[in-house]
Amino acid sequence: MQYEAGSYDVIVIGAGHAGSEAGLAAARVGAKTLMITINLDMVAFMPCNPSVGGPAKGIVVREIDALGGEMGRNIDKTHIQMRMLNTAKGPAVRALRAQADKFLYQQEMKKTIEDQENLTLIQGMVEELIVENDVCTGVITKTGAVYRAKTVVITTGTYLRGEIILGELKYSSGPNNQQPSIRLSEHLEQLGFDLVRFKTGTPPRVNSSSIDYSKTEIQPGDEVPRAFSYETTKFITDQLPCWLTYTNEGTHQLIDENLHRSPMYSGMIKGTGPRYCPSIEDKVVRFNDKPRHQIFLEPEGRNTKEVYVQGLSTSLPEDVQVKILQTIPGLEKAEMMRAGYAIEYDAIVPTQLWPTLETKKIKNLYTAGQINGTSGYEEAAGQGLMAGINAGLNAMGKEELILSRSDAYIGVLIDDLVTKGTNEPYRLLTSRAEYRLLLRHDNADLRLTEIGFNIGMIKEERYNRFLMKKKRLKWKRND
Ligand SMILES: Cc1cc2nc3c(=O)[nH]c(=O)nc-3n(C[C@H](O)[C@H](O)[C@H](O)COP(=O)(O)OP(=O)(O)OC[C@H]3O[C@@H](n4cnc5c(N)ncnc54)[C@H](O)[C@@H]3O)c2cc1C
């Protein structure tokens with residue numbers, strides 16, 4: 001039974017990294033916005049690495065912040081460790097990377113969304129779009145709620161017809177055993193969108209108490225306080241270290257012996273995986289001359305013992321994962337709390353989008369994040385921000401915003417997607433940006449804050465502080 005549930009300027013489907021930015025941005029440019037997501041306890045959830053930033057990605061976070069988005073502020077409030085990478089090199093290749101307290105990160109983002117003026121956040125599963133004469137005018141949920149809107153943004157990540165693969169086991173699921181989004185994917189196909197099947201994977205998590213850290217190398221955060229956001233004034237000084245260990249010949253031999261049970265090699269996995277985040281079984285096969293691979297042990301938060309085993313992404317069977325862990329120095333007695341797994345999902349072919357992220361086929365419908373064939377929280381957040389801004393501006397009859405390749409890494413990302421498409425999960429790399437010497441992390445505000453102010457994303461007070469900074473830089477240059 002369907003019922004009329006409300007009317008908005010913008011509806012955002014999903015509250016992951018793309019959805020959170022999209023909802024906040026649409027509301028901040030002044031549009032009355034509704035966010036609908038499958039599970040309210042999973043807002044801005046990190047299903048993989050509990051970290052934000054790194055080369056290229058860290059610059060995207062600064063750009064999001066310079067335009068008035070949230071990711072930078074949120075990680076500044078919730079990290080357990082922050083490091084500037086490549087400090088021995090010039091500013092063009094430097095990038096910040098933060099280890100997140102992933103639970104706090106979610107809570108803080110949810111609170112920001114709840115507190116945002118013009119924005120409503122609800123739980124629900126969207127199953128269909130309302131499309132009239134090739135124009136999207138709303139959504140219908142599984143429970144029959146009909147929401148009308150001037151524009152709609154889809155940010156459904158890895159949920160579309162998601163299937164988890166773990167050894168010989170394959171079942172229908174979103175990430176982390178969440179409900180998958182099946183009907184919406186079928187509906188997009190019925191509407192005539194071309195979909196592709198991609199895959200990604202995650203490593204096991206182990207209990208910190210079972211790790212022998214004396215056999216690993218400590219990786220502390222920077223002593224100098226650092227922040228992603230130009231607005232952050234309070235710095236977290238109490239940082240937690242990460243730890244480094246390595247695989248060895250014993251690990252590689254065990255993987256070799258069990259390749260016949262690997263869904264990657266048995267043909268069970270059909271989707272294309274991210275080339276730059278290979279699984280450990282893939283690394284052992286492709287780089288078999290390498291005697292060892294780095295494994296970083298990263299705490300998932302301050303109030304948990306779960307440790308993320310970075311570098312050991314795998315879909316090998318659970319019993320093999322336990323044995324692999326036992327071959328690694330420091331992890332001989334590791335208690336595996338969650339097994340690694342791979343997930344296959346549908347994505348839309350991104351050349352079906354305009355540079356505003358509106359679909360060419362259906363007017364007033366936008367897509368952002370992993371649904372557009374990308375991989376990574378920052379790539380998702382950057383697109384979410386732009387789709388949210390444009391859905392909001394469009395709904396209010398204003399001119400939309402397109403960033404060029406020389407404006408920002410976000411411009412490079414979107415331009416690559418909509419003009420070239422991608423045949424594997426797309427990850428942003430510095431080498432993709434021909435203007436990389438100009439697109440630095442330390443000049444993101446000079447490149448973008450004016451734009452953010454002009455569309456209403458940046459408040460007057462922040463803008464005035466930015467103008468003062470610009471003035472001071474000019475005086476310095478004239479010294
Ligand atoms: C197992 C796994 C491993 C990964 N490994 C890596 C990695 O190694 N490196 C890397 O960079 N990235 C990795 N990623 C990718 C990273 O998690 C994503 O790129 C990022 O989360 C994408 O953000 P998003 O907002 O597009 O989607 P998500 O964060 O997945 O959010 C999707 C949102 O949409 C909602 N939703 C879905 N369908 C509906 C519906 N029908 N109605 C309402 N709401 C809906 C969900 O509830 C959720 O809130 C991995 C992801 C997974 C799942």
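Two residues are in contact when they have heavy atoms within 4.5 Å of each other. Keep that in mind as we walk through this predicted model, where local features need pLDDT of at least 70, side-chain atom pairs count only at pLDDT 80 or more, and totals for chains, interfaces and linings use all residues. Residues are numbered from 1 along each chain as its sequence is written, and side-chain values use heavy atoms, with hydrogens and water left out.

Let's start with T33, which sits in strand β2. Strands here are DSSP runs of E with at least two residues, while helices are runs of H or I with at least four, and both are numbered from the N terminus. Is T33 buried or exposed? Buried means under 20% relative accessible area, exposed means over 50%, and partly exposed is in between (1.4 Å probe, protein chains only). T33 has a relative accessible area of 0%, so T33 is buried. Leaving out residues up to four places away in sequence, T33 touches Y8, V10, V12, G23, A26, A27, N118, L119 and T120.

Burial can also be followed along a whole helix. Take α2, which covers residues 57–66: 10 of its 10 residues are buried, so this helix is largely enclosed by the rest of the structure. You can check the list yourself, as it includes K57, R62, E63 and D65. Just after α2 comes G68, with a positive phi of about 100°.

Now for the charged pairs. Side chains of opposite charge can pair when their charged atoms come close. A salt bridge here is a side-chain nitrogen of Lys or Arg within 4 Å of a carboxyl oxygen of Asp or Glu. How many salt bridges does the structure hold? There are 39. One of them joins the side chains of K77 and E108, at 3.2 Å from N to O. K77 belongs to helix α3 (residues 71–78) and E108 to helix α4 (residues 102–115), so this pair ties together parts that are 31 residues apart in sequence. K77 is partly exposed at 41% relative accessible area, and E108 is partly exposed too, at 21%.

Another salt bridge links D212 and K215, at 3.9 Å from N to O. D212 is partly exposed, with a relative accessible area of 31%, and K215 is partly exposed at 45%.

What about R462 and E231? Their salt bridge has its closest N and O atoms 3.2 Å apart. R462 is in helix α13 (residues 460–478), while E231 is in the loop between β14 (217–219) and β15 (242–246), so the pair ties together parts that are 231 residues apart in sequence. R462 is buried at 7%, whereas E231 is partly exposed at 27%. These two also belong to a network, in which salt bridges that share partners join R28, D65, E70, R73, E231 and R462.

Next, have a look at R405, in the loop between α10 (377–395) and α11 (409–420). R405 has 17% relative accessibility, so R405 counts as buried. Its side chain makes polar contacts, which are pairs of N or O atoms within 3.5 Å; within protein, one atom must be able to donate a hydrogen and the other to accept it, and residues adjacent in sequence count only if both atoms are side-chain atoms. Apart from neighbours within four places in sequence, R405 is in contact with residues including G411, V412, R432, Y435 and L439.

A polar backbone atom of V126 is 2.9 Å from a nitrogen atom of the ligand. On its own, the ligand has 990 Å² of accessible area, and the protein covers 95% of that (Shrake-Rupley method, 1.4 Å probe; for residues, only the protein chains shown count as cover).
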